[in-house]
Amino acid sequence: MEFVFFLIRRLAWSLVVLAGLSVLIFLIARVVPGDPARLAMGPRASDVQVAQLRAEMGLDRPLPEQYARYIGGLLHGDLGRSLLSRRSVNDDIRETFAATFELVLATITLAVLIGIPLGVAAATWKDATVDNAVRLVAILGAVTPSFFLALLLQILAGYELHMLPTTGRMAPSISFVPDITGLMTLDALLHLRFDVFADALRHLLLPSLALAAATTGQIARITRSSMIDVARQDFIDAARAFGIPARVRIWKYMLRPSFVPPLTILGLEFASLIGNAFVVELVFAWPGMASYGVRTILQKDLNAVMGVVMVSGVFFVLVNLAIDVLVGFVDPRIRITGAR
Amino acid sequence: MRISVARLLAGAALTAMPAAAMAKTVVTLNTVQIIGTIDPAKISDYTDYMASVNLYDGLVGVDPQGRLVPQLAASWDVSADARTVTFHLRPDAHFQDGSRVTAEDVAFSVERLLKINQGPANLFAGVLAPGSVTAPDPATVTFRLSKTFSPFLATVPAIRVLNAKLVSANAGSDDGQTWLGTHTAGAGAYRLESWDRGSRMTIVADPSYYRGWAPGAIQEVRFLITNDEATVRSLAASGELTMTSQFQSPDTYAALAKMPRMKVVAGDTATAFYLKLNSRTAPTDDLHIRRALACATDYDTIRQQILPGGALDGPLPRTFAAAYWSGAPAGKFDPDCARREIAASRYAGQKPIPLTLAYVSGTKFEEEIALLMQANLEPLGFKVTLQAEPWNRLTELATKVETTPAVAEVFFGPTYPSPDSMFFTQYDSKAAGTWASMEWVQDPAIDRMIEDARGTGDTAEQNKLYVALQQALFDRQSDVYLLTQRVQHAMDKCLDGYAPVPMQSFDYYFYNYRWTCPAK
Amino acid sequence: MAAPAQRLSAARQNWHRFSRNPTAVVGAAIVLLVVLAAVFAPLLAPYPGHVGAVVDFRARHHPPSFSHPFGTDNIGRDIFSRVLFGYRVSLSLAAVVLGIAVPFGTVLGLAAGYFGGWSETVIMRATDIALAIPPLVMALAVTAVLSPNLLNAMLAITALWWTWHTRLVYSITRTLRHREYVEAARLIGASRAHILFREILPNCVSAISVKVTLDCGFVILLGASLSFLGLGVQPPTPDLGTMVATGADFLPDDWWEPVMPGLAILFVTLGFNLLGDGLRDLFDVEDVR
């Protein structure tokens with residue numbers, strides 16, 4: 001019951017954040033100097049064509065009415081028409097989101113698979129060479145610009161060693177449409193196309209590695225410090241006194257409670273992860289929402305920009321909601337102290 | 001190498017495509033921007049047209065000399081007063097769904113184009129009105145022009161013919177705009193196979209195409225969207241790319257030329273590259289300053305080192321041979337001449353003279369040219385502000401005199417194969433306020449000559465007017481005439497058939513390309 | 001407040017601890033080096049002219065050599081000279097963003113933490129909303145609307161950055177507001193301003209300075225990412241992110257063109273991070289990130 005209350009409170013709060021976000025985004029997009037309709041129609045359009053489009057998009061109405069229309073659309077899940085692609089932003093984002101989602105999933109998987117063992121190792125051999133090495137890796141991960149890391153990976157793994165493809169989601173010679181979930185790897189498996197799966201995985205590796213560096217470092221660092229914290233507590237000594245083997249002590253009594261801070265960090269890191277995705281997708285010509293975002297932002301395609309920022313925000317809020325619920329589940333104390 | 005030709009195909013001249021199961025001739029090329037739309041009533045960018053010319057047929061096509069060639073129409077005739085044009089359709093022309101192409105379909109396509117009023121519609125503003133196109137019988141279609149407009153025929157290839165029945169069945173509430181955004185309904189040589197907007201489009205040959213297929217024809221075309229030079233190089237190196245876009249950097253062409261599999265095909269186009277000089281803003285409102293800029297331009301470095309291109313001595317490229325004025329002296333880098341002109345201007349003695357030079361951000365060679373100009377102009381007493389703007393922002397700045405930069409690097413190529421396209425769009429007062437007319441010439445004498453050329457059916461008279469126009473514009477130093485674009489494509493040695501065409505993207509009509517290597 | 005003599009010995013003690021912390025020392029050395037390089041760039045750069053209106057198309061794409069330690073770029077300019085001047089842009093970016101965001105965020109954090117209630121709700125909910133937008137995305141959106149240059153990008157970053165400092169100061173203030181000395185000050189009738197800025201703020205300084213040091217690195221990183229995406233400063237002014245983006249087109253042959261400026265960015269962000277990390281140990285403010 002208490003968990004349900006926690007859930008409701010957390011959910012209500014997410015809605016407030018989203019409402020605030022929508023106002024903010026709308027205001028940013030509508031103080032534009034210049035005429036989005038003229039931009040959209042392209043350079044060869046006549047004045048009549050431009051005026052027609054302006055009316056069609058409601059750009060000639062007063063601001064509050066435009067906002068009402070925008071919110072009305074949002075509630076129906078309609079982000080408006082892209083000025084640039086001349087079709088619904090929903091379609092554009094739906095087509096590109098899966099690629100970004102796949103990249104982000106792969107990134108988080110890598111970050112957790114590498115970060116947590118590193119953190120455990122550092123905590124286990126505290127103040128030893130391993131610890132210092134992990135610390136250095138964590139710092140380097142955090143401070144290396146992700147576009148630079150992406151370029152370095154391209155140079156080394158792509159050009160020098162010719163090991164891995166450096167662009168796109170799959171080889172141009174393969175024709176395969178991910179038509180079930182939109183995730184290339186998963187759909188390939190569902191279609192039993194193992195060649196496509198292998199190719200998709202190869203294409204995923206470098207971009208997700210470039211994107212994972214910063215998060216991996218943070219996770220390793222937080223895992224280390226939270227494990228050390230937990231290890232100081234009485235019940236670990238008690239466990240030791242009871243003669244419970246070290247392996248069990250580490251995994252059951254230390255790792256599970258120490259799992260909470262890295263999970264929380266993952267939520268916070270998520271914003272910068274999405275941000276970095278814009279850069280990494282560009283370098284690897286990854287056909288995702290972030291590279292769509294960069295393209296539309298540079299072209300002043302306002303509905304599309306609002307859509308991309310809004311979807312990024314919703315994505316962030318949802319992931320954090322999910323993480324909070326998960327944390328509340330793993331560690332019941334959080335539920336009582338309430339939402340962050 | 002994935003591209004290979006079926007043995008069968010190499011042997012005999014076939015009129016139908018071999019079964020799909022056999023090896024295919026595939027061309028994979030990169031485009032530097034996404035394909036925005038495939039709806040024939042909305043196409044505007046080079047990538048839009050690139051898809052459209054392959055997916056749809058028009059009444060007529062265009063050849064490299066800018067002449068019209070038959071497509072759906074076998075022949076056409078023009079009335080004595082040049083205001084009625086009649087096209088006779090091929091009796092065997094059919095859409096991809098097998099139904100016959102009739103005159104009604106043509107009329108439907110034009111009506112829809114005018115109604116939606118986007119994309120190519122502006123070519124016909126004031127020339128065609130609803131009801132202008134009639135179908136006396138299924139094989140004959142008649143255009144009644146609202147006024148005499150001699151370049152009309154040259155604009156006809158922009159009309160892509162739609163399957164009226166199919167579109168009507170899927171019209172929805174928006175004249176089929178939603179449906180045609182993702183489906184095709186044409187008689188083109190290629191069908192849409194798959195399209196991922198952000199990254200690629202694949203089109204495949206329609207085996208039943210009414211004009212038949214020759215040996216070595218290209219059976220599948222894949223457009224890959226990337227403007228990243230490193231990507232293009234690595235795809236070419238791994239054999240995944242058959243042909244590059246025309247917008248790669250000189251370094252990329254050089255690198256690709258070294259690959260044994262690739263060749264670089266260059267051709268001079270009718271697309272001119274200008275420094276457009278705003279004649280209504282300081283300091284370029286002074287003719288002497290405009291001439292000084294022309295003298296301070298290092299043509300050789302630009303044409304040889306930065307952006308290989310052909311000579312351009314006046315406003316019109318040489319492609320339009322019959323209308324070309326050969327009297328303009330070749331541009332020459334001469335700082336002394338620049339100094340003399342500055343001294344003769346009303347800005348003489350004012351130091352420094354502020355000057356804004358705009359170019360498209362992210363375009364390397366444009367930035368290099370901007371930096372070169374800056375380096376040459378500052379010792380002469382200019383203070384050059386470089387303004388790198390995204391293309392859309394530049395087109396927005398161009399809508400007003402006050403926001404149009406004094407100098408802007410701009411490419412302009414004909415949108416239809418007629419000198420009229422070059423003169424009207426760039427220099428006529430009626431076309432003012434676009435990126436193509438950043439000179440703000442607005443000169444009644446120029447306007448009159450353009451109008452006169454449009455109103456006459458007499459070609460010799462027309463050409464005389466075009467020569468006079470070039471002379472008048474050159475005397476006003478409307479622009480700094482940098483070069484004509486030499487398009488380069490790095491492509492597989494086995495691929496043949498590329499030739500520049502003076503109409504947007506009609507040189508990417510892959511029906512005309514051939515795969516020349518023997519079957520593997 | 002401590003007597004001068006005591007303060008001096010405390011400083012000496014701090015210095016002693018600082019000098020024995022290798023992370024902090026290395027970080028400080030790097031930061032000092034970069035600041036000096038930026039300040040004395042006109043004296044140190046072998047080709048100071050290559051920062052302005054100079055082109056040399058015959059010297060394009062020269063690999064690193066004795067005369068051009070970092071090689072030359074596509075215009076034939078010395079990359080090393082441009083990197084030195086590029087640091088000026090990076091450092092001023094960090095100075096402007098943090099110079100505005102930190103005082104602003106601190107004041108709001110103090111107010112939210114001390115007064116609680118209505119002001120707490122409004123301020124902290126605003127930070128929640130701001131946190132939901134990745135700074136890079138925000139900067140891109142704002143600059144797209146205004147005009148794409150680094151100045152506007154800085155404004156956008158600033159508009160989000162204060163939230164981090166607000167949250168930091170807020171959490172410290174909340175733990176302090178019921179401490180005896182604060183209650184005592186309130187009882188003797190000290191003004192709110194006095195309590196906020198003289199009693200509570202000094203206790204936040206060490207945490208803020210750690211965060212500011214770390215932030216310098218992250219703001220520079222973000223600025224570089226933005227200019228990499230095409231929102232740079234006006235050419236020919238050198239800017240590290242733009243140099244990497246431009247140079248990336250000449251991979252893999254002319255690798256030095258993106259790699260050298262990229263390493264330069266890495267160097268300065270590493271410096272600030274090591275220093276911040278060291279200071280964190282020194283001030284024992286474990287939870288500041």
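Predicted model: local features only at pLDDT ≥ 70, side-chain atom pairs only at ≥ 80, totals over all residues.
Biologist: What covers the buried residues of α12(B)?

Modeller: Helices (H or I, at least four residues) and strands (E, at least two) are DSSP runs, numbered from the N terminus. The cover of the buried residues, among them Phe365(B), Leu371(B) and Met373(B), includes α10, β13 (353-360), β14 and β15 (407-412) of chain B.

Biologist: What span should α12(B) have?

Modeller: The expected span is 1.5 Å times one less than the number of residues. For the 14 residues of α12(B) this gives 20 Å, which agrees with the 20 Å between its end C-alpha atoms.

Biologist: How many residues of chain B and of chain C take part in their contact?

Modeller: Two residues are in contact if their C-beta atoms, placed from the backbone, lie within 7 Å. Chain B brings 21 residues and chain C brings 16. On the side of chain B that touches chain C, α12(B) gives the most, with seven residues. That side has nine nonpolar, six polar and six charged residues, where Ala, Val, Leu, Ile, Met, Phe, Trp, Tyr, Cys and Pro count as nonpolar, Asp, Glu, Lys and Arg as charged, and the others, Gly among them, as polar.

Biologist: How many residues of chain C are in contact with chain A?

Modeller: Here 37 residues of chain C meet 37 residues of chain A. Helix α11(C) supplies the largest share of the side of chain C that touches chain A, namely nine residues, and this side divides into 28 nonpolar, six polar and three charged residues.

Biologist: At what angle do α9 and α11 of chain B cross?

Modeller: Axes are lines fitted to C-alpha atoms, for helices over the stretch in contact, and angles run from 0 to 180 degrees between N-to-C directions. The axes of α9 (residues 287-295) and α11 (residues 335-344) of chain B come within 8 Å and cross at roughly 170°. That makes α9(B) roughly antiparallel to α11(B), since angles over 145 degrees count as roughly antiparallel, under 35 as roughly parallel, 65 to 115 as roughly perpendicular and the rest as oblique.

Biologist: Which residues touch the most other members of the largest nonpolar core?

Modeller: A nonpolar core is a set of buried Ala, Val, Leu, Ile, Met, Phe, Trp, Tyr and Cys residues joined through C-beta atoms within 7 Å. The largest has 179 residues, of which Phe278(A), Ala141(C), Ile157(C) and Val219(C) touch the most other members. Leaving aside its neighbours within four places in sequence, Ala141(C) is in contact with Ile28(A), Ile297(A), Val305(A) and Val309(A).

Biologist: What secondary structure does chain C have?

Modeller: Chain C has 11 helices and zero strands, and 55% of its 289 residues count as buried.

Technical notes: Residues numbered from 1 in each chain as written. Chains lettered and ligands numbered in written order. Buried ≥ 20, exposed ≤ 12 C-beta atoms within 10 Å, placed from the backbone.
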